[in-house]
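Please read the points below with the sequence and the model side by side.

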Amino acid sequence: MEIPSEQATSLCSHCDRAIPVSNIDLHFAHCSRNLERCKVCGDMVPRKHAEEHYANTHAPVACSLCSETVDREILAVHKGENCPQRIVTCEYCEFPLPAVDLFKHQEVCGNRTEFCHLCSRYIRLRERNDHEIKFHSGRLDDNPGTSRDAALPERDHDAERRQPNGLSQRRLLFTIAITGIAVIMGSIFLQRKADTNQLQ
Ligand SMILES: [Zn+2]
Ligand SMILES: [Zn+2]
Ligand SMILES: [Zn+2]
Ligand SMILES: [Zn+2]
Ligand SMILES: [Zn+2]
């Protein structure tokens with residue numbers, strides 16, 4: 001409500017708002033009976049909705065991924081960085097999986113080897129970055145013998161990568177994995193589509 005500037009006001013001792021002097025008694029009676037100050041955010045909320053206000057605004061919430069109860073202020077950080085069920089990608093094959101499974105997966109995945117064409121020997125994936133830095137510093141040697149046709153969706157994790165050197169080869173592996181899945185999925189969809197077409 002706009003208060004005309006020339007009108008004298010008085011502070012309501014309950015809500016601390018400036019109230020026109022002519023209304024202050026009525027306001028105070030109403031205010032002190034119906035409103036209370038939220039102890040968390042300091043807003044004045046209707047007494048009968050105080051619990052609702054707390055529940056909707058301040059109460060801890062269950063994470064939709066792991067169903068753990070967390071303070072809502074840290075929910076975003078929890079989901080992005082701490083939740084055991086948040087989806088992360090394996091640094092070796094880029095397969096997306098829950099964070100809680102990442103360590104075990106990478107233990108196995110990083111032990112796989114890959115043939116280095118420059119050295120003509122097999123390198124463990126977990127040692128590949130060090131290997132490339134040490135022996136092929138900064139080079140992105142695209143493997144010429146393997147198809148890279150499958151288009152990769154742009155991923156926003158790129159910036160987080162610690163080692164840009166292994167990127168092309170990781171992508172390659174990922175492409176192979178995705179291509180395999182895509183072929184399987186594709187055949188299923190095509191089958192479905194064929195079925196649908198027959199029905200029409
Ligand atoms: Zn008041
Ligand atoms: Zn509040
Ligand atoms: Zn969670
Ligand atoms: Zn992996
Ligand atoms: Zn090498």
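1. Along the chain, the donors of the zinc ion (ligand 1) follow the spacing C-x2-C-x11-H-x3-C. In this predicted model, those protein donors are Cys12 (SG), Cys15 (SG), His27 (NE2) and Cys31 (SG), at 2.1 to 2.3 Å from the zinc ion (ligand 1). Donors are N, O and S atoms within 2.8 Å of the metal (3.2 Å for Na, K and Ca); water is not among the atoms, so sites may look incomplete.

2. What is the arrangement of the four donor atoms around the zinc ion (ligand 1)? It is tetrahedral, because the angles they subtend are 104 to 118 degrees. Four donors count as tetrahedral if all angles lie between 85 and 135 degrees; four count as square planar and six as octahedral if opposite donors are over 155 degrees apart and all others between 65 and 115; anything else is irregular.

3. His27 and Cys31 are both in helix α1 (residues 24–34), four residues apart, so about one helical turn separates them. Helices (H or I, at least four residues) and strands (E, at least two) are DSSP runs, numbered from the N terminus. His27 is buried at a relative accessible area of 16%, and Cys31 is buried at 0%. Buried means under 20% relative accessible area, exposed over 50%, partly exposed in between (1.4 Å probe, protein chains only).

4. Cys66 sits in the loop between β5 (61–62) and β6 (69–70), and Cys83 in the loop between α3 (75–82) and β7 (87–89), so the pair ties together parts 17 residues apart in sequence. Cys66 counts as buried at 18% relative accessibility, and Cys83 is buried at 0%.

5. His53 lies in helix α2 (residues 50–57) and is buried, with a relative accessible area of 15%. Its side chain makes a polar contact of 3.1 Å with the side chain of His58. A polar contact is a pair of N or O atoms within 3.5 Å; within protein, one must be able to donate a hydrogen and the other to accept it, and residues adjacent in sequence count only if both atoms are side-chain atoms. Beyond its neighbours within four places in sequence, His53 is in contact (heavy atoms within 4.5 Å) with Cys38, Cys41, Val45 and His58.

6. Tyr54 is also in helix α2. Is Tyr54 buried or partly exposed? Tyr54 is partly exposed, with a relative accessible area of 40%. Leaving aside neighbours within four places in sequence, Tyr54 is in contact with Val40, Ala59 and Pro60.

7. Strands β9 (residues 113–116) and β10 (residues 121–124) run antiparallel and are joined by four bridges; two strands pair if DSSP finds at least two bridges between them. Glu114 has Ile123 as its bridge partner in β10.

8. Overall, the protein chain has six helices and 10 strands. Of its 200 residues, 26% count as buried.

9. Residues are numbered from 1 along each chain as its sequence is written, and chains are lettered from A and ligands numbered from 1 in the order in which they are written. Local features need pLDDT of at least 70, side-chain atom pairs count only at pLDDT 80 or more, and totals for chains, interfaces and linings use all residues, while side-chain values use heavy atoms, with hydrogens and water left out.
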